[in-house]
Amino acid sequence: MRHSNPHGSGAKGPDELRRQIEHTRSQLGDTVAQLVGRADVKGRARARAADLRDKAGAMTVQLRSGAAHAGHGVQDRAAKAGHLMQDRAAKAGHLMQDRAVRAGHDAQERMTKAGHLVQERAGHGGHALQDRALHAGHTVQHDLRVPRPVRTAVGTAMRHPRPVLIVGAAGAAVLGAAVIWRRIDRNR
């Protein structure tokens, strides 16, 4: 029985035969290693598990990177929104400050007008009061039914009308200011 050489011709000498034997042994070793590898279910499972661990690790790194990137995006948007709200609050604060200043100026202007009005009315009231006081003083001085010390005091007040006028004007100013404040409080 003759075996055929897969390469087409037989060995031409002992050296060639040794090379063919070595080549065939190498092929058989590779084939046996492949068969052993296929038969080694535990080893293949370990290799598959290691492969899956590597893939899971790569996916974890990828997910962490994506989450970090998304976190930075959210942080940037939050910072921009914070700055926007801060700008809006500052503008609203300035607007309220301007309104308060205007309201203060308006109130000051009204108080100045009210003060002038009180002063004017006090002046008119003071003149009217002075006229009445002079008339009353003349009446008291010439009425003999009034006791003498009263007539003397009235005569002194008529000879020195400024202190009496000042006291009367101050009283009228205080009374006028009280009336105006009361009106302002009622209007609020």
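Here are a few notes on the fold, the surface and the charged pairs of this predicted model.

1. Some ground rules. Residues count from 1 along each chain as its sequence is written, and side-chain values use heavy atoms, leaving out hydrogens and water. In this predicted model, local features need pLDDT of at least 70 and side-chain atom pairs count only at pLDDT 80 or more, while totals for chains, interfaces and linings use all residues.

2. Of the 188 residues in the protein chain, 6% are buried. Buried means under 20% relative accessible area, exposed over 50%, and partly exposed in between (1.4 Å probe, protein chains only).

3. You'll find six salt bridges here, each a side-chain nitrogen of Lys or Arg within 4 Å of a carboxyl oxygen of Asp or Glu. Side chains of opposite charge can pair when their charged atoms come close.

4. Look at E16 and R19, whose side chains form a salt bridge at 3.8 Å, N to O. They sit three residues apart in helix α1 (residues 14–39), about one helical turn. E16 is partly exposed at 29%, whereas R19 is exposed at 55%.

5. Now helix α2 (residues 41–142), where R48 and D51 are three residues apart and bridge at 3.7 Å, N to O. R48, D51 and K55 are linked in a network of salt bridges.

6. Also in helix α2, E109 and K113 are four residues apart, and their side chains meet in a salt bridge at 3.6 Å, N to O.

Notes: Helix = DSSP H or I, 4+ residues; strand = E, 2+ residues; numbered from the N terminus.
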